[in-house]
Every structure is written in C-alpha cells, then in structure tokens.
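Dear colleague,

Please find the sequence and structure below, handed over for your own work. My findings follow directly after them.

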Amino acid sequence: MIGIRYPIIGAPMFLISYEELVVAVSQAGGLGTFPLPNFRSVEELAASLKRIRQQTENPIGVNIHLSGKFEWQEQLKLCLDAGVMFFLTSLGDPRLILDDVHRNGGKVFADVISLEHGVKAQDKGVDGVVAVASDAGGHAGTAPTIVLVPYLKARLGIPVVAAGGVSTGAQMAAAIALGASATVVGTRLIATHESRASHAYKEAVVSAGPDDIVCTDRITGNRANWLAKSIEKFEKRPEIGSKKWLELWSAGKSVAQTDSICPAASVIAAMVKEYSEVCASLGRTIR
Ligand SMILES: Cc1cc2nc3c(=O)[nH]c(=O)nc-3n(C[C@H](O)[C@H](O)[C@H](O)COP(=O)(O)O)c2cc1C
C-alpha cells in the first residue's frame, strides 16, 4: 500500500525523529517518519526534506497536526512536493488533507485509541488507522495491543497498524498474527545512534524496565507514558517551544526489550530476522 519492504513504521517522535532516523529506517526497508511540529519554520522543514531526499528515494512519512494550533497548509505542500507517501493525523479532521494526499498517490492514516475514534476516522475516509495501545510511548490508549488490534480489526474495514510495545521480531509476529497490517516502532528507536534523544535519555531507556514507566495525563492533559523519574519535578506542562520538553522523557513499556544503543538499521534487521524465525517455529507448536 505504501511501497515499503517490511511492515515496520519508524514512529514519528517529537524532538526525537528527524532526518537521520528517517533516512536510516527508510533505507533499512521500513518507513521513516517525523512529526511536523519538530520544525518551527517552513524553511527548516524544506531544508530537511531536501537533505532526506538527497539520501533516500524510499517512501517516507510524516505526522501532521490539524488541530489549528500549527500552520499546516504550507507544510503539507512541501511534503507533497517532496513525495511524502504517508500522512499520519493525530489531531484534527483528516478530511482537510485527504484529497490533496490522494491526488498525489499518498495515503492518510489516523492515530486512534478506541473503536469510537476508529469508526469516526473510517467514516471520514482515511486509508487506515494506527491503533495506539496502552503500552505505547507518547500518548497512549487504554487497551493493550493484544486486545485493541483484534478489536479494531474485527470491526473496521480498513487496515489496522499496531502501535505500542513492538520492539522485537517476536512482538511484530504477535501483532501481525492479531490482524495488524504493520507495526509502529517508537520506544526501541529512541536508543539508536540516529535518534536525537540525549545520550542520558537513551541510556535511561536502555536501563529501564516496565516498572519504571508511568502513565499520566498530568504533563500534556492526555494519557501518556513517561520514564517516571524524568517527570518527578514537573507539576505542569511546559510552554510550547520551551527547552524543558527536552527533560521530559517519554517511553513505552517496551523499554523492557530495549537493551542497547545501536544503529537503527540493526534494529530493523534484527526484527526481520527474528520475525522469520518465530513464524517458522510457530508452525511446529501444534501437531
Ligand atoms: C518520545 C516520543 C515522542 C512521540 N511523539 C509523537 C508525535 O509527535 N506524534 C505522534 O503521532 N506520535 C508520537 N509518539 C508516539 C509514537 O508515534 C508511537 O505511537 C509509539 O511510540 C509506539 O509505541 P512504542 O513506543 O511502544 O513503540 C511519540 C512516542 C515517543 C516515545
């Protein structure tokens, strides 16, 4: 549907996924993405898209915020001109961009956390949904991947992509077995050479276990997963654009499977290898 080799979407991550990670993931056969709010000006975005396109012709994607808080019209045009194939909407009405994206041959997916969200997005004409589960880094849903993906899959007629807790090939095999068409990988990619997380943040992700993650709406007003220690001193949300956001470290429960800081390409390669091994061995479970 979007021309990628493996069903792995590198998550758009605020202040983390920029051109280095996008290029690395797309070159490795996944879909590299970034959130448009990572750029404060259209000039910066244009320059970054140009550098990405000098390094890869493979499909790339963006997360676009249509809430009205950000100017998106010019950003959309730049992305379409750069051949962005995949638009993930997390806020606002996807119909605002559907016609332009489709005319360009691209696809629009919507982040959803519930069946109600999923049905609304489908009725508006999106090409697929990303099921954001309770274990995901960033804003999180309330149901775990193992429940949310088959729940949406059984009730929607469009592809469902699993987001939350997928860091390994075995987890990817589980998500695909549940009916997901692809997976979004965020937390695992924080701890890569190409992510723009600080070294301390990457190390904290590697050393954390699932009990070090706390889910709260205290910081952004919406449920989100955080490394508990990083949010201890924050009573409320920093201003938009504040440097304090760099001290708030979001990550999902799959810190449990994140055990080294390595190149993003090796994360993708390891997932693909383990996925194949797991699929082959599952066939031998019941005789
Ligand atoms: C640090 C961080 C920042 C994120 N920022 C965004 C964002 O700006 N836009 C978005 O759509 N999702 C964002 N997400 C959510 C991811 O796109 C994705 O849904 C999630 O990371 C998948 O779950 P996982 O972390 O368990 O792999 C963010 C996630 C993390 C960890």
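Helix α5, residues 115–124, lies across β5 and β6 and runs at about 160 degrees to β5. Please bear in mind that the model is predicted. Helix α4, formed by residues 95–103, also involves β5: this helix lies across β3 (60–65), β4 and β5, at about 150 degrees to β5.

Strand β5 (residues 107–112) and strand β6 (residues 128–132) run parallel and are joined by four bridges. At residue level, V112 has A131 in β6 as its bridge partner.

Both strands belong to an open sheet of eight strands with parallel pairing, in the order β1-β9-β8-β6-β5-β4-β3-β2. The edges are taken by β1 (8–10) and β2 (32–35); each has a single partner strand, so one side of each is left without a neighbour in the sheet. On average, neighbouring strands of this sheet are turned by 25 degrees against each other, direction ignored.

I turn now to the ligand. There are 27 residues around the ligand, of which A11, G137, G138, G186 and G252 come nearest. The elements giving two or more residues to this shell are β4 (86–91) and β9 (182–185). Sorted by class, the shell comprises 14 nonpolar, 11 polar and two charged residues.

With kind regards

Methods. Residues are numbered from 1 along each chain as its sequence is written. This is a predicted model: local features need pLDDT of at least 70, side-chain atom pairs count only at pLDDT 80 or more; totals for chains, interfaces and linings use all residues. A residue is near a molecule or strand if its C-beta atom, placed from the backbone, lies within 6 Å of it. Ala, Val, Leu, Ile, Met, Phe, Trp, Tyr, Cys and Pro count as nonpolar, Asp, Glu, Lys and Arg as charged, and the others, Gly among them, as polar. Two strands pair if DSSP finds at least two bridges between them. Axes are lines fitted to C-alpha atoms, for helices over the stretch in contact, and angles run from 0 to 180 degrees between N-to-C directions. Two residues are in contact if their C-beta atoms, placed from the backbone, lie within 7 Å.
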